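Student: Could we go through the aromatic contacts in this one together?
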Amino acid sequence: DGDGTFADDQDTPVGGEVTASGGTYTWTSLDFGDYFVEETAAPTGYDLPSATVQGPFTIDADNAGGLTHTVVFSDPRKTTTLVVEKVDASDSQIKLDGAVFELWRESGDAAGLQRSGDDMDILAGSCTTGEPADPFAGTGQCAIGGLGFGTYYWYELSAPTGYELPADRDSDGIVIDASNAGTELPVTVFADPRILTTIEVVKRDQDDTEIL
């Protein structure tokens, strides 16, 4: 509106809202004037940038005709939180605190979790199920957040007291991409078998302790 400051309730929209195709949108046949570009909605899997408006860009007699300005917006990816849960293999309703997990992000071409070698994956973090801090106390769960796009694997490093590690200590790959970033993904569940115990009884003669 001529004051050099963007105001969406006072300035005049040019063509209304448009959606970039292939990352680009071009406005053509623009008259002389000062223009602003505002990003109103980010693509799936992305957040709006901290500065959603750029400008003003001036078109006048000196630069009219052809392409006068290229405006670039860089959107940050949404981050994601993954949750793992530890349960009793004999009774999945029993949630187990005290299991230590690592989360690894796939870095090489090899499929599956690679914790060593040339194609070693990247350790994204570790957590312990049922840590005292809310909301995980007594739930048998723990979480790691702030995760970017990639394929992730949970690995059980140590079992809770009274339990053994499962035969398969790593999860299937969990893919985070633009289609699901920032959403609540399914909880990964590990079931640990109980450590079994032996009880022995010995029968002796009360008078001479002879084994009977």
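Tutor: What follows is a short talk about ring contacts in a predicted model.

Student: How many aromatic pairs does the structure hold?

Tutor: There are five aromatic pairs in the structure. One of them joins Tyr46 and Phe149, whose ring centres lie 5.8 Å apart with the planes at 80°, and because an angle over 60 degrees counts as edge-to-face, the pair is put in that class.

Student: And where in the chain do Tyr46 and Phe149 sit?

Tutor: Tyr46 belongs to the loop between β1 (33–38) and β2 (53–59), while Phe149 is in the loop between β6 (141–147) and β7 (150–158), so that distant parts of the chain, 103 residues apart, are linked by this pair.

Student: Is Phe149 buried or exposed?

Tutor: Phe149 has 19% relative accessibility and therefore counts as buried, the limit being under 20%, whereas Tyr46, at 24%, counts as partly exposed.

Student: What about Phe101 and Trp154, what geometry do they have?

Tutor: Their ring centres are 6.2 Å apart and their planes stand at 85°, so this pair is edge-to-face.

Student: Which residues form an aromatic cluster?

Tutor: Phe101 and Trp154 form one aromatic cluster together with Phe190.

Student: Changing topic, which residue lies over the face of Tyr155?

Tutor: That is Arg115, which is placed over the face of the Tyr155 ring at 3.8 Å from the ring centre.

Definitions and conventions. Residues numbered from 1 in each chain as written. Predicted model: local features only at pLDDT ≥ 70, side-chain atom pairs only at ≥ 80, totals over all residues. Heavy atoms only, no water. Phe/Tyr/Trp six-rings, centres within 6.5 Å; stacked < 30°, edge-to-face > 60°. Helix = DSSP H or I, 4+ residues; strand = E, 2+ residues; numbered from the N terminus. Buried < 20%, exposed > 50% of the residue type's maximum accessible area, 1.4 Å probe, protein only. Lys NZ or Arg CZ within 6 Å of the ring centre and 35° of its normal.
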